[in-house]
Each structure stands twice: as C-alpha cells, then as structure tokens.
Amino acid sequence: MKNDYSRVCIINSAYALFNYLLISTPNEIEDTFFFFSTGIPESCRNYFSKQSEFIPPAKNKIIGEFKEVYTRFFIRWRYPFIRKAEFWGMTCAPWSAEILGNKNSINLVEEGGEYNDITETPRKFQKIRQFLHGKLYNNTRNFSDNKVYKKIYITGQNPNAPIMKLNNIVLFNIKSQWNTNEKRKNIIYKAFNITEEDQKALSKCKSILLTQTLAEDKLITIEEEIELYRNLVKDTDKTSLCIKTHPREYMKNYKEIFPESVIFEKKIPMQLLVLCFNTEQLECAYTVFSTALRSFKNINDKIKLVFLGTEIHPELEKRYGKVIL
C-alpha cells in the first residue's frame with residue numbers, strides 16, 4: 001500500500017462501487033483508498049486489497065459501537081492522508097460518519113432508490129453520540145444538506161424526484177461513461193471478476209431471465225416458482241437464454257432446470273451485466289416482478305421487457321402489494 005491517496009471512498013454497495021469506478025478515471029481509481037464492508041463482492045475486495053480496508057460485521061452492538069468510536073478518534077492517525085483527501089461514496093455505509101468526522105463533505109455516488117429526504121428518529125443521547133461518532137451519525141439521508149454533500153452523482157432515472165431540484169447534482173449516463181475509456185472498462189471487468197469466458201458465453205445470448213428468491217422467502221413453493229419461470233420463457237430459444245440468478249438464491253439448481261442455457265451466478269450489479277452484452281444484442285428480458293428489469297430499458301431502449309407482476313400469485317401481492325414496472 002502506498003502512503004498517500006488524494007481520494008477516500010467509503011462504500012457498501014456493489015452498484016455504488018460500479019458507479020464510482022465508472023465516473024472516475026483510471027488514475028483517480030489508482031489514487032483512491034477504499035473502505036469496504038459486506039455489501040461489496042469478495043472479488044472487488046481482493047482486487048483492491050492493496051488500497052483498501054475491509055470493515056467486518058460487528059459481533060454485537062457494544063463491540064460494534066466501541067470500534068466505531070475508536071475509528072472516529074484514531075483513523076486519521078492510522079491513515080494520515082485522510083486529513084487532506086476528498087471523500088466519495090455513501091453516507092449510510094459502516095464507519096462513514098466516523099471517517100468523515102465533523103468538518104468534511106462528501107461526493108455522494110448513486111446507490112439506488114429515489115433519493116427522497118428522510119428524517120431519522122433521534123436516538124437516545126443523540127448529541128453525545130454525534131460527538132463520539134461524528135455529525136452524520138443517524139443523519140445520513142438529508143440529501144438537500146449542501147454542507148454535507150459537495151456533489152451528488154446520479155443517473156437521474158426519476159426526473160420527478162425532489163433531489164433533481166438541487167444545484168449540486170451531477171448527472172451521468174451509464175452507457176456513455178462505459179464507452180469512453182477502455183482501460184477503465186478493463187479495471188471494472190477485473191474487479192468484478194468478469195472473465196473472457198463469461199463475455200464469450202454472454203455474447204451468444206439474445207434473451208435473459210432474472211430470477212428471484214420467492215421460494216427462499218417462503219412466499220410460494222419451489223415447484224410453483226420454477227413453473228413460473230418455465231412459462232415465462234416457454235417460447236424462447238433456451239440455447240440463447242441467460243439465467244441471471246439472485247445473489248440470495250440457494251434452493252434451485254438452474255443447470256438442471258435449464259440445461260441448455262447460460263447460468264450467470266456471479267454477484268455483479270445488473271447495470272454492469274447489461275453492458276456485458278453486445279450493443280443491441282438482447283431482444284427480450286423476463287422476470288416475475290424484479291424491478292432490476294428497468295436497467296435494461298435504460299441502456300437498451302429497443303429491448304422487449306416481459307414483467308408478470310405480483311398479481312400473478314395472491315401470496316406475492318399480499319406481501320409486496322401491486323408492483324409494476
């Protein structure tokens with residue numbers, strides 16, 4: 001690890017990390033020290049191991065809070081470059097308040113959601129806790145606070161969101177950014193462990209099925225879930241079908257269910273997966289009710305989207321309400 005970095009990125013979302021890499025130059029990525037936690041895939045943690053620290057989950061609340069307070073007062077002694085570094089990432093990631101302290105602002109990177117201001121319920125001894133942890137403790141969702149957020153980098157997928165009225169918004173287009181720098185693209189491929197074999201397999205696919213954790217969450221039986229998928233893609237050429245599994249799935253063996261199809265199980269952001277396909281290659285994307293399907297339309301406006309919705313089964317609608325694309 002080198003001794004000096006001009007950037008510090010505090011992040012706990014694979015999608016937010018992807019966006020950070022996407023809006024940064026290769027030199028800026030090299031000049032970034034990362035604080036990762038469990039939301040970051042292991043492949044990314046390994047790739048940036050020489051320029052990062054991993055924040056493990058706390059064994060209990062008392063130990064966790066002790067480590068947070070220790071971090072608050074000693075992090076600048078351990079990593080002196082933090083005193084002058086520019087901060088990027090997420091204010092809701094572990095240790096973000098403690099690393100930022102009381103005087104620093106941060107460049108917020110899109111992690112998902114609509115970005116509406118949320119007023120957190122004050123915790124007991126709030127002022128004391130803010131002294132011990134930092135001013136952002138339990139107050140990380142007030143996006144209109146320009147003193148905290150230097151710039152807010154978002155894709156602007158929801159033009160009606162209140163955040164779009166702020167003057168510190170920086171809009172970026174995922175597809176445009178992806179195509180502007182080949183070296184950066186290769187860094188992202190390596191970080192998320194997308195191999196040439198993966199790219200070759202995906203290049204044969206013309207349709208994709210996004211699976212979910214309906215059986216794992218005990219909403220419907222595993223037989224019912226499999227039957228939903230089979231009906232969804234019954235008229236699709238299975239040899240050119242990609243099955244993108246959900247990261248939390250463990251009950252279904254898709255190699256047995258769709259033996260002719262490409263099964264993609266790596267934990268990567270959906271937006272990155274879309275970019276792994278050749279331009280305009282995909283003709284159709286299927287799901288029961290995963291809103292991740294929106295990512296395809298945002299990058300390829302010609303793709304056909306097949307979205308069943310929660311109304312397909314009473315237990316799904318009971319749990320999630322009416323979900324539309």
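A disulfide is a pair of cysteine sulfur atoms within 2.5 Å. By this rule the predicted model contains 0 disulfides. The sulfur of Cys-205 has its closest cysteine sulfur in Cys-242, at 4.9 Å, and this is too far for a bond. Cys-205 is buried, at 0% relative accessibility; buried means under 20% relative accessible area, exposed over 50%, and partly exposed in between, with a 1.4 Å probe and protein chains only. Cys-284 is also buried, with a relative accessible area of 9%.

Residues are numbered from 1 along each chain as its sequence is written, and side-chain values use heavy atoms, with hydrogens and water left out. Because the model is predicted, local features need pLDDT of at least 70 and side-chain atom pairs count only at pLDDT 80 or more, whereas totals for chains, interfaces and linings use all residues.

Confidence was examined next. The pLDDT (the predictor's confidence in each residue, from 0 to 100) averages 87 over the protein chain. A score of at least 70 is reached by 89% of the residues. Helix α6 (residues 126-133) has the lowest confidence, with a mean of 65. Strand β2 (residues 32-36) has the highest, at 98.

The protein chain holds 14 helices and 12 strands. Both are DSSP runs numbered from the N terminus: helices are H or I with at least four residues, strands E with at least two. Of the 325 residues, 50% are buried. Contacts (heavy atoms within 4.5 Å) were counted between residues at least 6 apart in sequence; 63% of these join residues at least 24 apart.

An open sheet is formed by 7 strands, with parallel pairing and the order β3-β2-β1-β4-β5-β6-β7. Its edge strands, β3 (52-54) and β7 (169-171), each pair on one side only. From one strand to the next, the twist averages 20°; axes are lines fitted to C-alpha atoms, for helices over the stretch in contact, and angles run from 0 to 180 degrees between N-to-C directions. Two strands pair if DSSP finds at least two bridges between them. Strand β1 (residues 7-11) pairs with β4 in the parallel sense over 4 bridges. Here Arg-7 has Glu-86 in β4 as its bridge partner. Strand β4 (residues 86-89) also runs parallel to β5 (residues 106-109), joined by 3 bridges. Phe-87 is the bridge partner of Ile-106 in β5, and Trp-88 stands opposite Asn-107.

Helix α10 (residues 222-232) has Glu-225, Ile-226, Leu-228, Tyr-229 and Leu-232 as its buried residues. They span an arc of only 155° around the axis, and therefore lie on the same side of α10. The arc is that of the directions from the helix axis to the C-beta atoms. An α-helix has 3.6 residues a turn, so residues three or four places apart point the same way. The cover over the buried residues of α10 includes strands β8 (207-210), β11 (284-287) and β12 (304-307), together with helix α11 (254-257).

His-313 lies in the loop between β12 and α14 (314-320). His-313 is buried, at a relative accessible area of 16%. Neighbours within four places in sequence aside, His-313 is in contact with Ile-220 and Glu-224.
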